[in-house]
Amino acid sequence: MDTRISGKTRLMGVIGTPIRHSGSPVMYNFCFDYYGIDCVYLAFDCDESQVKETLAAMRRLNIRGANVTMPCKQEVARNMDRLSPAAKLIGAVNTIVNDNGVLTGHMTDGMGVVLDLKDHGISIVGKNIVLLGAGGAAMAVMVQCALDGAKSVTVFNRGAQTLAKAQKIGERMMEEGIPCKMEYHLLAEEQLMHDAIRGADVLINATSVGMRPMQEGKSLVTDMTVFHEELVVYDVIYNPLVTKLMSDAMTNGCREENVIGGKGMLLWQGAGAFKLYTGLDMPAQELKAFLAKREAEGAPALADIAENVPY
Ligand code: NAD
């Protein structure tokens, strides 16, 4: 790595806190090496109060771009020169692109799910989607599915306040003419949720229910008759790799290849950001092979090194 750094090498990175366990430097530096791009990528500890000075440093040092993780996503969105449609709707940014001092904020978390589904041969265009959750990940998924042509997204969430925020975002999308039918319900309407899943093409869990360690072994879907051969089940959780929702789906009629965990979302949200930085496709298959080889040699899995940095 050090032998290729020159006076022309550009800097990129990820900002957030905690950040030392981020898997992003491994991913991006592999991709720069793969294409021979003269950039290096580092992790920078940054909390919300340090966002403004970090953005000023990006401009001053002509840093090409940065990924953004917890807890800085909203504060970064408030301080951008421009926002992508998804970032504007959600009010959060996970990717900053610096074009000669003009900072544009993007949100690629939702792309992570859509591209991972595509990598599994599944398109969301024209599909009826049931989305569990209305937190950060869920909103990114809701907006991206609507922008990318889903027929409907029906959201179920535990709390009414967050659900109302989701509804506001949905209403703004409707005002902008995005032709996706949106519905919002409380998870307490359990029968309605189960009926909606039964009639859906894709079920996406974007809550932390099922996540290790606190919520492992739990699932919001308790009626096993909702699962069927045609239903695609996506769980944004990547730890454990197979959640209770996923194992219930596979045991009760969903095809194994249609039940997908969140490991790929990590990689594909990065692919969306890489394209924005470089205009190039992330060498996803090569990166997957590289990460698998590292894991086989004893290095931690991407999902494990990203443990403290959800995205
Ligand atoms: P968040 O705190 O913004 O939202 C959490 C959501 O989970 C909310 O909708 C909340 O109501 C719901 N929830 C939590 N406990 C619940 C319970 N017991 N019953 C019902 N609902 C419950 O968090 P987030 O950032 O949106 O993350 C959610 C999950 O997505 C986490 O597990 C995170 O690791 C995962 N994630 C994965 C990726 C990836 O790349 N695979 C990316 C982002 C987030």
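Predicted model: local features only at pLDDT ≥ 70, side-chain atom pairs only at ≥ 80, totals over all residues.

User: How many residues surround the ligand, and which are the closest?

Analyst: The ligand is surrounded by 23 residues, the closest being Gly136, Ala137, Asn157, Met211 and Val236. A residue counts as near when one of its heavy atoms lies within 4 Å of the molecule.

User: What is the distance from the backbone of Ala137 to an oxygen atom of the ligand?

Analyst: It is 2.8 Å, from a backbone N or O atom of Ala137. For Gly136, a polar backbone atom is 2.9 Å from a ligand oxygen, and for Leu266 a backbone N or O atom is 3.4 Å from one. A polar contact here is a pair of N or O atoms within 3.5 Å.

User: Where does Ala134 lie?

Analyst: Ala134 is in the loop between β7 (128–132) and α6 (136–147). Helices (H or I, at least four residues) and strands (E, at least two) are DSSP runs, numbered from the N terminus.

User: Why does Ala134 count as buried?

Analyst: Ala134 counts as buried because its relative accessible area is 5%, and buried means under 20% (1.4 Å probe, protein chains only).

User: What does Ala134 touch?

Analyst: Leaving aside residues up to four places away in sequence, Ala134 touches Met139, Val155, Asn157, Thr162 and Ala166; contact means heavy atoms within 4.5 Å.

User: Changing topic, which residues of α5 are buried?

Analyst: Asp109, Gly110, Gly112, Val113, Val114, Asp116 and Leu117 are buried in α5. Their cover includes α3 (73–77), α6, β10 (202–205), β11 (232–235), β12 and α10. After α5 comes Gly121, with a positive phi near 80°.

User: What lines the second largest pocket?

Analyst: That pocket has 18 lining residues, of which His120, Gly261, Lys263, Gly264 and Lys288 lie nearest its centre. The elements giving two or more residues to this lining are α5 (109–119), β12 (259–260), α10 (263–278) and α11 (284–296). On a 1 Å grid over the protein atoms alone, a pocket is an open set of points where a 1.4 Å probe fits, with protein on both sides within 12 Å along at least five of seven lines; lining residues have an atom within 4 Å of a point.

Key. Residues numbered from 1 in each chain as written. Heavy atoms only, no water. Buried < 20%, exposed > 50% of the residue type's maximum accessible area, 1.4 Å probe, protein only. Polar contact = N/O pair within 3.5 Å; in protein donor to acceptor, adjacent residues only side chain to side chain.
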